[in-house]
Amino acid sequence: MSRKIASLEDLDKLRKEGLKSLYPDRTRIMVGMATCGLASGAKEIFDTLSEIKEKKKVDIKLVSTGCLGYCQKEPLVDMIKPGWPRIIYQEMDREKTFKLVESLTSGNIWKDSILAKLEEDEFLIFGEKRKYYLQDSLFKLNDIPDYHQVPFYRKQLRIATRNCGFIDPTSLAEYVARGGYYSLYKVLTEFEPEQVIEEVIRSGLRGRGGGGFPTGRKWYYCRKAKGDIKYVICNADEGDPGAYMDRSILEGDPHSVIEGMIIGAYAIGAKEGYIYVRAEYPLAVQRLRQAIQQAEEYGLLGKNILGTGFDFPIYINRGGGAFVCGESTALMASIEGRMGEPRAKHIHTVESGLWERPTNLNNVETWANVPVIIARGAKWFSKIGTEKSKGTKVFSVVGKINNSGLVEVPMGITLREIVYEIGGGIPGGKKFKAVQTGGPSGGCVPESMLDLPVDFEELTKVGSMMGSGGMIIMDEDTCMVDVAKYFLSFLQDESCGKCTSCREGIKRMLEILTRITQGKGEEGDIELLEELSEVVKDTSLCALGGTAPNPVLTTIRYFRDEYEAHIKDKRCPARVCRDLITYTIDEEKCTGCMRCLKECPQQAIVGERKKPHHILQEKCIKCGVCYEVCKFDAIKVK
Ligand SMILES: Cc1cc2nc3c(=O)[nH]c(=O)nc-3n(C[C@H](O)[C@H](O)[C@H](O)COP(=O)(O)O)c2cc1C
């Protein structure tokens, strides 16, 4: 029997199937099994649940789902049991899993590891909130916060990540149940291509991959470009250190990107689509493959989509493994099988891109927003955010922060709200020092600017940028010169070397920074760094070189005193730069516990049990292990 969907009734039928699967008349347990969950041990929880289910014949529908964003609290388990409130458990392990299952059979809710209850499930596409099972719930759990009230989630608005952690990403029916492919149906049956472009322009959506170019305008230029064969591409190369927004969307909700791409292809008049996905994301590739196959099977992708005569296939290309391959022209060269090097853009890719044909490239998150814009309308979308930056942005908030994870927030939210309300502040009562936004070539924003509203313009004004959404939080123990050196060394490694200013300029800047951190800085180094920065910015071929000086310029701008301390006083105020510090042991405080002595990888610590120890300076490599393991505050850094 053909499973092809060719009418609204067919789609509704699949939706009903999906709703039954999302809310079965038996217990459904979802384990967050995106890469972050797996890294925290989610597979063990899933396997334990399957084992108990088999052995004890407990009736559970066990589902592996994507990332709910709160990576700090992984492994997360979301449980829906008829008659019970929906509960999200945090920091699960094997022992806790047994307790959870026991509670199902005993009929008493196990409360020890609850993160939140979920009273309402929001179906964003339909603009409706659903209450399931709760009306007649026997248990109210009044002392447990609702998901929407948990500080980590309270200020979030999940549009691009709307389904991540809520559906089984391998189930097309569950995607449809929450409104998936209804926008595609609407577009193909009710809209002219120009109307789709008009709607996206009016929404104010701007590219989420870094540049923030207006998406609808890019589509318009590509549609207008001459040529019978046009392409659309999804940029899933995501090479920024610490960033994983795109990976999470692909692992948790691959159909949202596919649907966005089909809508874009129809609007532009494209014949084929490519998803260029980072090869280091095997799970994302697997999810995409499954989703493409399903969409084809159901007539939502490939030939004669939804019976409308519109043809559009999508192919997957795995990335070349270089950061620069994420740049639009380098990416297209890489798909063609050439070296992933950027070219000058005097001819835009919307006119001559892949195989010299008009090509529209958008980021994963940009595509995932499109179905919601069509469903809820440009007006609804454009009400979210600031004057020039509409909608939401997904950030990966990592580094020295209590609640690290993926957050999707309305544009215009302040950095302070992200760091202190959503992120829960800095661990160990330490002081906040800076936040690095915009990936390796973004900038470091200091504490005095924490009230800055986050949008494309505001971040650029202070010397940083939105970039693709990496956000690295730094505390008082961070050396800002060392941070600039770290990002520059990443960019030096990743510069393709095609243009001299990027290849040589970044290298020279890195040499100066390295000297400074070694205590060999000279008077005039700061000015030289500033001068070189201007040259590299102005003369590089692509935005890698064009933005590479940002970490250096912003750290000089906001933390000049730290540079001066390194250069003039040969001192690292944060006590990070190895050549400028020495570790010693405070004999008064040392109890002779031998912990540091045992952990030192260089055997540089000597002493006897219960007698103060001593560090052999000639052997010490200043790795700081002794400082980390000492429980008596006896290790001193000078
Ligand atoms: C060195 C470099 C790396 C980039 N890497 C990515 C990337 O991994 N993902 C991405 O979406 N955009 C990346 N970009 C931006 C792309 O060139 C392009 O602007 C973007 O994919 C367009 O999509 P958007 O309009 O939806 O943002 C990179 C740019 C540069 C200069």
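**Pockets in the predicted model**

Strand E18 (470-475), helix H18 (480-494) and helix H24 (625-629) each contribute at least two residues to the lining of the second largest pocket, where helices (H or I, at least four residues) and strands (E, at least two) are DSSP runs numbered from the N terminus. This is a predicted model, in which local features need pLDDT of at least 70 and side-chain atom pairs count only at pLDDT 80 or more, while totals for chains, interfaces and linings use all residues. Residues are numbered from 1 along each chain as its sequence is written, and side-chain values use heavy atoms, with hydrogens and water left out.

On a 1 Å grid over the protein atoms alone, a pocket is an open set of points where a 1.4 Å probe fits, with protein on both sides within 12 Å along at least five of seven lines, and lining residues have an atom within 4 Å of a point. The second largest pocket is lined by 32 residues, and Asp477, Thr478, Asp482, Arg575 and Val576 lie nearest its centre. H18 provides the largest share of this lining, five residues, and the volume of the second largest pocket is about 800 Å³.

The largest pocket holds about 1300 Å³ of space, and among its 47 lining residues Gly209, Gly210, Gly211, Gly326 and Ser328 lie nearest the centre. Two or more residues of this lining come from each of helix H9 (215-224), helix H10 (245-252), strand E13 (359-363), helix H17 (456-461) and helix H21 (543-547), with E13 giving the most, five residues.

How values were computed: Grid points are joined across faces, edges and corners, and a volume is the space filled by probe spheres set on the points.
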